Amino acid sequence: MTSRTAPWVGQILHVDLSTGAIEALPTTPYVASYLGGRGLAARLAWDLIPPGIGAFDPANPLMFFPGALVGTPAPSSGRVTVTGLSPQAYPHEWYTRANLGGHWGPMLKYAGYDGLIVTGQAAQPTVLVIEDGRTELRDASDLWGLGLVETQRRLVERLGGGWRVISIGPAGEHCCRYAVLATSTESAAGQGGFGAVMGSKNLKAIAVRGSGGVGVAQPREMLRRSRLAVEAIARRYGRSALPSAKEPDPQRRRPTPCTYQCPSGCGVFYEDAPGVIHKDRTYSGQQFCCSPGFSGRWTSGDMGDQVGFELTQICNDLGVNHWEILFGLIPWLMRLQQRGELLELEGDRFNLTDPAFWDMFLHRIAYRQGWGDVFAEGGPRAAVILGVGQDLIAEYYPAW
């Protein structure tokens, strides 16, 4: 350990995609004064972000910092802070953060790093491969254009067992301002648009595998306290939380956590759920957090749980932020339509109760096709570009 206060592994990896330079920075100078991954990243941002640049500038550092307890037995300790200048932020592309769960963060520590900083812009689509202190930039041209889920499947098949991957989908490649980056367990760094930052850097994915560990000062005491915390969480929340929905088939669903070491599975994994919009497909994947809202209960009328799950998986694969869609754009569009505004664009009727429209809406945004290019800018910018509904924006985007 490099600190008496936290189980750091000692190094921060810095990769410059423009030059190919790879270096390891010491963690020790920071850990006594800055708390956790979020604190380390914020401190480094002062040194690394040049004045006057924007989110899509190659100099914008995209940073990944696991929390201090990530990789230890501490329950619910798998979160990773993702930071940098945000393209989603409005009216200025300021510094902000998102976070994701899954197993990627612990694996980064097991590979020997407390954090990862990516700067520059690769000349071609690239995947960053990190394994036990060895780092390599590989060509990802054959992965560019693939969905987020398929990208990860192919990478794991290519690299072999034990790898953990985060990647972007078409929304990130086309720099949709609220594109996500996500893990193979579909835990996403949602807000901030950091998937678009990855896309602007031509970075399709980051694959990590490590065989190391994370030391703690008193292992037995850590285990004892971790067990007490798990028991308390189980008493309060239970060990799983399944939704009451009857669709998809309850025989094909199981509880699943969104975070490494979480004892309470608040998400749900569905297996081989039949498509409704695309009847020739089946979908296997997870629903977390706000994604059940795609059924329509929070937005524009109940479209049904099977449709909602299908839209969740479509949105996941495209790499589009659920929060922006469900709590920003769609409620804003509904209010406009109640006033008789924005009923159609370029000859397309905006039918917010039609699953096929939602499918088209998400694809056009992810690929910035036609009017989708405007909505890929996010609600506040779309209102300015379209010259409509600006009086309503603050109600749905109070934080930005």
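Two strands count as a pair if DSSP finds at least two bridges between them. Strands here are DSSP runs of E with at least two residues, helices are runs of H or I with at least four, and both are numbered from the N terminus. Before we use that, know that you're looking at a predicted model, where local features need pLDDT of at least 70, side-chain atom pairs count only at pLDDT 80 or more, and totals for chains, interfaces and linings use all residues. Residues are numbered from 1 along each chain as its sequence is written, and side-chain values use heavy atoms, with hydrogens and water left out.

Let's start with a pair of strands. β1 (residues 11–16) and β2 (residues 22–26) run antiparallel, joined by five bridges. Look for histidine 14, which stands opposite glutamate 23 in β2. The two strands form a hairpin with five residues between them, and in the turn glycine 20 has a positive phi of about 85°.

Now zoom out. The protein chain has 13 helices and 17 strands. Of its 400 residues, 56% are buried, meaning under 20% relative accessible area with a 1.4 Å probe, protein chains only.

What about the inside? In soluble globular proteins, nonpolar side chains tend to be buried together. A nonpolar core is a set of buried Ala, Val, Leu, Ile, Met, Phe, Trp, Tyr and Cys residues joined through side-chain atoms within 4.5 Å. The largest one here has 47 residues, and Ile325, Trp332, Leu333, Phe361 and Phe375 touch the most other members. Helix α9 (322–338) is one of the elements that give two or more residues to this core, and α9 gives the most, with seven. Apart from this core lies another, of 31 residues, including Ala98 and Leu203.

A cavity is a set of points on a 1 Å grid over the protein atoms alone where a 1.4 Å probe fits but cannot get out, and its lining residues have an atom within 4 Å of a point. The structure holds one cavity of 30 Å³ or more. The largest cavity has a volume of about 50 Å³, where volume is the space filled by probe spheres set on the points, which are joined across faces, edges and corners. Of the 10 residues that line the largest cavity, Gln88, Glu324, Gly378, Pro380 and Tyr397 are the closest to its centre. Helix α12 (residues 379–386) gives the most to the lining, with three residues.

How values were computed: 1 Å grid on protein atoms, 1.4 Å probe; cavity = no way out; pocket = protein on both sides within 12 Å on 5 of 7 lines; lining within 4 Å. Buried < 20%, exposed > 50% of the residue type's maximum accessible area, 1.4 Å probe, protein only.
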